[in-house]
Amino acid sequence: MPSRKVDRWLWLAGIIIVLDQLSKWLVLASMQPGETIYVAPFFNWVLTFNPGAAFSFLSDAGGWQRWFFTILALGVAAWIVSILPRHSAEFRLSLALTLILGGALGNVIDRLRFGAVVDFIQWHAAGFYWPAFNVADSAISIGAVLMAWDQFAARPARHDLGRPGAGEQS
């Protein structure tokens, strides 16, 4: 049974999944594949289906990548759920893991439903277009940045790590 500290992170992952799927539902209901809607000089809505991973990696691999990325994402999700209880009090790391968890599962739903991930957000500037992405991709990216930040953030020095019982508080 997850502790209350873990519950809040799992709820947040669920909210990310719902927001991701709701945004995709709205786009699928209002756009045709390949359609582009101009929003601003740097931003479009564009409905695409990505059978690959980030930046369309392996998108033309022939279909096996659907199951590879689904199994990979489910494995990462299981790993995150297994380690989250040990880190649930570490805000930045738990937030990073939760964002990655929610994003990964949001994209798994697409792979199972459509065989590809629904992407619809397109940023561009000076004729250069960033590959289309979605809410789940954003959560994964922000989570990865937070995880890297957490790894490089200053931690209190512990000079007594070699002795048995060192660092324990009485």
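The report below walks through the nonpolar cores and then the aromatic contacts of this predicted model.

**Nonpolar cores**

Let's begin with the largest nonpolar core, which has 16 residues. I80, L95, L97, L99, L101 and L146 are those with the most contacts inside it. At least two residues of this core come from each of α1 (4-30), α2 (64-87), α3 (91-114) and α4 (135-152), and α3 gives the most, with 7 residues. Leaving aside residues up to four places away in sequence, L99 touches I16, A139, I140, I142, G143 and L146. Another core, of 9 residues, lies apart from the largest one and includes F43, L47, V118 and F133.

**Aromatic contacts**

The structure holds 7 aromatic pairs. Two of them are set out here.

| Pair | Centre to centre | Angle between planes | Class |
|---|---|---|---|
| W9 and F91 | 5.6 Å | 55 degrees | tilted |
| F42 and W123 | 5.6 Å | 5 degrees | stacked |

W9 belongs to helix α1 and F91 to helix α3, so their pair ties together parts that are 82 residues apart in sequence. W9 counts as buried, at 4% relative accessibility, while F91 counts as exposed, at 56%.

The other pair also links distant parts of the chain: F42 sits in the loop between β1 (36-40) and β2 (43-50), and W123 in strand β3, 81 residues apart. Here F42 is partly exposed at 42% relative accessibility, and W123 is partly exposed at 37%. Ring pairs also join F42, F43, W45, F120 and W123 into a cluster.

Finally, a charge over a ring: R92 lies over the face of W149, 4.5 Å from the ring centre.

Definitions and conventions
Residues numbered from 1 in each chain as written. Predicted model: local features only at pLDDT ≥ 70, side-chain atom pairs only at ≥ 80, totals over all residues. Heavy atoms only, no water. Core = buried A, V, L, I, M, F, W, Y, C linked by side-chain atoms within 4.5 Å. Buried < 20%, exposed > 50% of the residue type's maximum accessible area, 1.4 Å probe, protein only. Helix = DSSP H or I, 4+ residues; strand = E, 2+ residues; numbered from the N terminus. Contact = heavy atoms within 4.5 Å. Phe/Tyr/Trp six-rings, centres within 6.5 Å; stacked < 30°, edge-to-face > 60°. Lys NZ or Arg CZ within 6 Å of the ring centre and 35° of its normal.
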